[in-house]
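The sequence and the structure come next, followed by the description.

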Amino acid sequence: MEYSAFILLTTIVVSVLYGILSRTLTFLPFVVWTEELSRFSIITLVFLVSGLSIRKGIHVGLDLLLEKITGVWNKIITTIINILVIALLSIIMIVTFEYMGTTSQISPALKMPISYLYIFVVIGMALMIIELFCLTTLKWREE
């Protein structure tokens, strides 16, 4: 996942830089697809690294409350929170997957179906669900 994030971030930087240079330097051909490529890369990056951020514990959370509660109650509250988040992510994943099949929109510059972009939302939700399940399982194995 980290390698994918590096590749996507590099793609964003290179496409934005080339877009800027093609507008200012007359000897470079002017291209319009760099903005769209960087936008799609940012969206893909966000959803692909979301699972990684849950694994590393850098996602938004209520740490203050959970630090005050110890023992089995901490595990119970963490499990309840994770189950609720998994339910929400599952709903988002299912709705996005269903919407993917109904849209036929094409991106103007890259001529790519927008439904290809929605697959990364589904993948991101699935990765977050897997990470939350693993974190919940590990929480119960702690002593």
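At what angle do H4 and H5 pack, and how far apart are their axes? The angle is about 165 degrees, and the axes of H4 and H5 are 9 Å apart. Axes here are lines fitted to C-alpha atoms, for helices over the stretch in contact, and angles run from 0 to 180 degrees between N-to-C directions. H4 and H5 are therefore roughly antiparallel to each other. Angles over 145 degrees count as roughly antiparallel, those under 35 as roughly parallel, 65 to 115 as roughly perpendicular and the rest as oblique.

The model is predicted: local features need pLDDT of at least 70, side-chain atom pairs count only at pLDDT 80 or more, and totals for chains, interfaces and linings use all residues. Residues are numbered from 1 along each chain as its sequence is written, and side-chain values use heavy atoms, with hydrogens and water left out.

**Overall fold**

The protein chain has five helices and zero strands, in the order α-α-α-α-α along the sequence. Its radius of gyration is 20 Å, well over the 15 Å that the globule rule gives for 143 residues, so the chain is more spread out than a compact globule. That radius is taken over C-alpha atoms, and the globule rule is 2.2 Å times the number of residues to the power 0.38. Helices (H or I, at least four residues) and strands (E, at least two) are DSSP runs, numbered from the N terminus.

Along the principal axes, the C-alpha atoms of the protein chain fill a box of roughly 65 × 35 × 20 Å. Buried residues make up 31% of the 143 residues, where buried means under 20% relative accessible area, exposed over 50% and partly exposed in between (1.4 Å probe, protein chains only). Of the contacts in the protein chain with a separation of 6 or more, 69% are between residues 24 or more positions apart. Contact means heavy atoms within 4.5 Å.

**Helix packing**

| Helix pair | Packing angle | Axis distance |
|---|---|---|
| H1 and H2 | about 155 degrees | 9 Å |
| H2 and H5 | about 5 degrees | 7 Å |
| H4 and H5 | about 165 degrees | 9 Å |

H1 spans residues 2–24 and H2 spans residues 33–56. These two helices are therefore roughly antiparallel to each other, and H1 passes H2 in a left-handed crossing. A crossing is left-handed if the near helix is turned anticlockwise from the far one by less than a right angle, and right-handed if clockwise. Residues of H1 in the contact include Leu8, Leu9, Ile12 and Val16, and those of H2 include Leu37, Ile42, Leu45 and Leu52. By class, the contact of H1 with H2 has 12 nonpolar, seven polar and two charged residues. Ala, Val, Leu, Ile, Met, Phe, Trp, Tyr, Cys and Pro count as nonpolar, Asp, Glu, Lys and Arg as charged, and the others, Gly among them, as polar.

The packing angle of H2 and H5 is about 5 degrees, which makes H2 roughly parallel to H5. On the H2 side the residues include Phe40, Phe47, Gly51 and Arg55, and on the H5 side Phe120, Gly124, Met128 and Glu131 are among them. This contact of H2 with H5 divides into 14 nonpolar, four polar and two charged residues.

The crossing of H4 and H5 is left-handed. Their contact has 21 nonpolar, eight polar and two charged residues.

**Individual residues**

Met93 lies in helix H4 and, at 22% relative accessibility, counts as partly exposed. Leaving out residues up to four places away in sequence, Met93 touches Val122, Met125, Ala126 and Ile129.

Thr136 is in helix H5 and counts as buried at 12% relative accessibility. Apart from its neighbours within four places in sequence, Thr136 is in contact with Thr79 and Asn82.

Lys111 sits in the loop between helix H4 (72–102) and helix H5 (115–141). Its relative accessibility of 61% makes Lys111 exposed. Although not a glycine, Lys111 has a positive phi of about 55 degrees. Most residues other than glycine have a negative phi.

Leu64 belongs to helix H3 (residues 63–68) and is exposed, with a relative accessible area of 64%.
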